Amino acid sequence: MARTQDHPGEQATQDPIRLLAIRDTPLSVDEIFRAVGDDGAGGTALFVGTVRNHDGGADVDALGYSCHPSAEAELRRVAEKVVADYPVRALAAVHRVGDLAVGDLAVVVAVSCPHRGEAFEACRKLIDDLKHEVPIWKHQKFSDGTEEWVGA
């Protein structure tokens, strides 16, 4: 009996990095989900980050994201590392920049792998490394008139 990883369906047939972008337009969960569709994937994990109405005990009215010109290249580096470390069939990550309101989508990432556990782990690694390593900064505006910058 062949080992699971030896089956031709376990091997990616094309570049698994299907979509990477930093955009100033609204994000689509459907677009990201479609980008990671793959007949060889038994599990797909998707993470959606939204603008919440509070942070650190303070009410948030709105926020803005900005990024360094190297952000897309850093996003690619993070994605390539995830692909190297996990059996990724397909990967997509899109982050929003500009002014966002409470409830808006800020980031959507998805990963498809042969099995669910791998998909969960790879997706978590992707969003965690994106948030820590890609130079994207968040400018929060609080209800009390104060502001705060947060970022990689």
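The points below begin with the basis of the model and then take up its sheets and helices.

1. This is a predicted model, in which local features need pLDDT of at least 70 and side-chain atom pairs count only at pLDDT 80 or more, while totals for chains, interfaces and linings use all residues. Residues are numbered from 1 along each chain as its sequence is written, and side-chain values use heavy atoms, with hydrogens and water left out.

2. Four strands make up an open sheet of mixed pairing, in the order 1-5-7-2. Strand 1 (17-23) and strand 2 (43-50) are the edges, and because each has a single partner strand, one side of each is left without a neighbour in the sheet. Neighbouring strands here are turned by 5 degrees against each other on average, direction ignored. Helices (H or I, at least four residues) and strands (E, at least two) are DSSP runs numbered from the N terminus, and two strands pair if DSSP finds at least two bridges between them.

3. Within this sheet, strand 5 (residues 90-96) and strand 7 (residues 105-113) run antiparallel and are joined by six bridges; A90 has S112 in strand 7 as its bridge partner.

4. Strand 4 (residues 58-67) pairs with strand 3 (residues 54-55) in the antiparallel sense over two bridges, and D55 stands opposite A58. These two strands form a hairpin with two residues between them, where G56 in the turn has a positive phi of about 55 degrees. Strand 4 also pairs in the antiparallel sense with strand 8 (residues 136-142) over seven bridges, and four bridges join strand 4 to strand 6 (residues 98-101), again antiparallel.

5. Helix 2 (residues 71-85) lies across strand 1 and strand 5, at about 150 degrees to strand 1; axes are lines fitted to C-alpha atoms, for helices over the stretch in contact, and angles run from 0 to 180 degrees between N-to-C directions. What covers the buried residues of helix 3 includes helix 2, strand 2, strand 5 and strand 7, where contact means heavy atoms within 4.5 Å.

6. Which residues of helix 3 are buried? They are A119, A122, C123, L126, I127, D129 and L130, and they lie on the same side of helix 3 because they cover an arc of only 170 degrees around the axis, the arc being that of the directions from the helix axis to the C-beta atoms. The face turned away from this buried side carries the exposed residues F120, R124 and H132; buried means under 20% relative accessible area and exposed over 50%, with partly exposed in between (1.4 Å probe, protein chains only).
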